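Here is a short report on a protein model. Have the sequence and the 3D view open while reading.

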Amino acid sequence: MIDLRQVTVRYGTRVEPTLSAVDLHVAPGELVLVSGPTGCGKSTLINCINGVLLHESDARVEGVIRVVDHDVRTTPLDRLCRFVGSVFQNPDTQLCTATPETEVAFGLENMAVPRPEMGVRIDEALALVGLAEVRHQPVETLSGGQKQRLVIACAVAMNPSVLLLDEPISQLDPEGADEILATLARLMAEYDQAVLVVEHRLEEVARLADRVVVMEAGRVRGDWAAKQAFLDLAPLRKLGLSLPHMPDLFCRLGRRERPFAPEEAPLLEVRHPMAPPSGDAASREPVVSLHDLRFAYGRHMDPVLDGVNLDLRRGDRVALMGGNGSGKSTLLNLLAGALRAAPGTVAWHAAPPPRIGLMVQQPDLMLFQLTVLDEALFAPRHQGLTQEDAERRARAALDRMSLLQHTGEPAFALSRGQRLRAAVASILSMRPGVVLLDEPTTGQDRDQIERMMDGLAAGLDLLVFCTHDVDTAARHANRVVLLADHGIIADGPPREVLFDAACLRAARIRPTSAQVYARRLGVKALQVAELAEILR
Amino acid sequence: MNRHGDGLARVDGRLKMALGFSMSIHVVLADSLPYLGLLALAGLAVYLFARPSAFQLKLTFISIALLAWGVMFSQGLFYGEYPRTVLVPLLPPNAIMPGGLNIYREGVYYGLVQSLRMIAVTLTGYAICFSTRPDQFYRGLLAMRVPFSVAFMAVSAIRFIPIVAGEFATVRRAMTMKGYRPFRRGIRDTLATEVASLRPVLSGAIRRSEEVAISIVTRGFAFGRPRTTLREERLSPAAWGVLAGLAACVLAVTLCKVLFWLYISEIYYTSVLRGLYQFTRTWL
């Protein structure tokens, strides 16, 4: 179905190829997962196959690209789309009409499908992705997962033989990601399409895949059957990929078997006790207290937060977790003062209150200067520091975010992970006592998240971050606050909160494989490293 | 967009566009205060039929008050025709300028006429904006035989306005959180920072339009290619009736004005039309 031979791609005047001598073959009914670190050429690969690169860009493409026995180079794009469906990362920029029904119809109308046939295809596609019930509902009222399922329906309705998905779950919360994976599973069961999924969330997608392809710097570094892919994890670990928990655990333990699902893994003997949690949180002095905090976005709107009481203490590294719309970002913005709380409901204990650095959900919107150094200089300059002092601070902040070698580059020329770190550096240069991060993990690979969080490890009184990612919370938080039903439903050390099944369900958080396995073992280990420690 | 399916929101997009178009012709043709007042009232009725929210009402009131006050004040102040009557003396003669500075009654009246013109179209425009979803607008354009690609681009641009506005607000918030206060570091720095604040919004808009473009070309979108449509957009008999009424009104007023203009220009006169001349002079 997909046949790539010695494909090399160069953008514009760049000498270094983005793809280099790539060979890839995908058979009908096969789901191939392509993974690799940010910037390795995964999206370029997708755009090679769907013809966008050859027909809509000035990239120089060498080699043979054939899809369903058609040469992509000589087949016009409007013909290619009849047998290649594409789904991209952000559902909001792929939906262009008002309702699911008209959205699915859009592609069919472009293909001049007769009206009666169009109706049948729309019904089938919407039923496949489970959106038949909401076919007339305005698109903007759908959840992220529903929107991405709708995008898949749009592609499927065109009856493609090949379906390409470029990081389809990277922007979604766990619930939305589960919806997409269930849809993919159903699609694979009912159709005989060749499916290529580009994704760095291996844990979720690998279990559906027939093959796993790993790329690095534009080259294919490995192409394995799914069962073989995780036998040797060293190459994947070297690339900084987020490894699936169970194969990672069994590899660390030096065992031969590589179970994927925690339910299928053999129960091992717990040989060492868990290390006790460190520090007594309650004895530390509070930095800020929330008293009966209530907030609604309009006088006649339902409150997003209602009756929230919380003490955040010096040294706290708090993960705010909860489903979409649970009020995580609102709480963060109220702490930052970007939203106005009722007097007395947010009380800072120090006078004057500590300096607060807020990173908004889209870090790109925090980058408005010409170079990375200027970004980091912006805040200290506006604090009235001399150029020399400002530059010292800016360089220190960039050093913490491992960006010193990029000081003269425009921020927009950096990779996504580097842009995230540049945004954090631009607030660290303020020397804030409190840093608030709104969904810093969305769309980022594990390596980038770790580098950013490592840079934030010291020098702060308080760190609060919103996340859906249990792994990040387990690794970097010493306190987890779960939000649901307009308020806090759990607050405590990660080990306590993230093992409360009822609270996790209420906060729409999916436990990781490591957690599920730990529960089977009767221990409260959150991370693979902790499990490996007690089982070794 | 207001409550979907209520009031003006239920009306066909083409009909709303025709309403806006006919209102704009009427305000150009109208000269008399009663006629302009009637048009402003008609605009108000259409506006209320759109069932604006409290925020929209506030926005409309402020913009119209500013518009009317600005036009009446400036016309009253700078009215240069004669005769003119001083309504409010601001500066006595020879204080700064020989004739003094006054607000003239005729200027205020002229400003009132002009602002009524603007109020009528502004209210109608707001009503259409508040009650028309982008897709309704899109279908309306297609049904009016506007090329698909043009209609699609226009509606896509409208769809992204709230997103761009939201992003701009986020950039401002990020700047404020980083300690930026306009003018604190001088005008030059402020200007540079204000311009820089557009950078992430613009690059976001470019990135988004690229993503939209890639998404739609991979779904078969191509300029000028024949395509089918899911539904045929048909106007109801009532809508046809309203359209005919709007067209008849525009034609009738245009005819009256043309005949009256021919008469006062001494190009064509007939005594049979004396009633029409009188009506046009008094009411139109």
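## The contact between the chains

This is a predicted model. Chain B gives 46 residues to the contact, and chain A gives 60 residues. Together the two chains bury about 4600 Å². Carbon and sulfur atoms hold 58% of that area. On the side of chain B, B:Lys178, B:Arg219 and B:Leu230 supply 20% of the area buried against chain A. That is more than any other three residues supply.

Four salt bridges are counted between chain B and chain A. One of them joins the side chains of A:Glu103 and B:Arg219, at 3.0 Å from N to O.

## The chain B side

Which elements of chain B give two or more residues to the side that touches chain A? They are helix 6 (148–177), helix 7 (186–196) and helix 8 (198–217) of chain B. By residue class, this side of chain B divides into 17 nonpolar, eleven polar and 18 charged residues.

## A four-stranded sheet in chain A

Chain A has an open sheet of four strands in the order 2-1-4-5. The pairing is antiparallel. Strand 2 (19–26) and strand 5 (70–71) of chain A are at the edges. Each has a single partner strand, so one side of each is left without a neighbour in the sheet.

Strand 4 (residues 60–67) of chain A pairs with strand 5 of chain A over two bridges. A:Arg66 has its bridge partner, A:Asp71, in strand 5 of chain A. Helix 1 (residues 42–49) of chain A packs on this sheet. Helix 1 touches strand 1 (2–10), strand 2 and strand 4 of chain A. The direction of helix 1 makes about 120° with that of strand 1 of chain A.

## A six-stranded sheet in chain A

An open sheet of six strands in chain A has the order 15-16-17-13-18-19, with mixed pairing. Its edge strands are strand 15 (356–359) and strand 19 (487–492) of chain A, each pairing on one side only. Direction ignored, neighbouring strands are turned by 15° against each other on average.

Strand 18 (residues 479–484) and strand 19 of chain A pair in the antiparallel sense over five bridges. A:Val480 has A:Gly492 of strand 19 as its bridge partner. Helix 15 (residues 416–428) of chain A packs on the sheet, touching strand 15 and strand 16 (434–437) of chain A. Its direction makes about 165° with that of strand 15 of chain A.

Terms used:
Residues numbered from 1 in each chain as written. Chains lettered and ligands numbered in written order. Predicted model: local features only at pLDDT ≥ 70, side-chain atom pairs only at ≥ 80, totals over all residues. Heavy atoms only, no water. Contact = heavy atoms within 4.5 Å. Buried area = accessible area lost by both parts, 1.4 Å probe. Nonpolar A, V, L, I, M, F, W, Y, C, P; charged D, E, K, R; others polar. Pairing = 2+ DSSP bridges. Axes fitted to C-alpha atoms, helices over the stretch in contact; angles between N-to-C directions.
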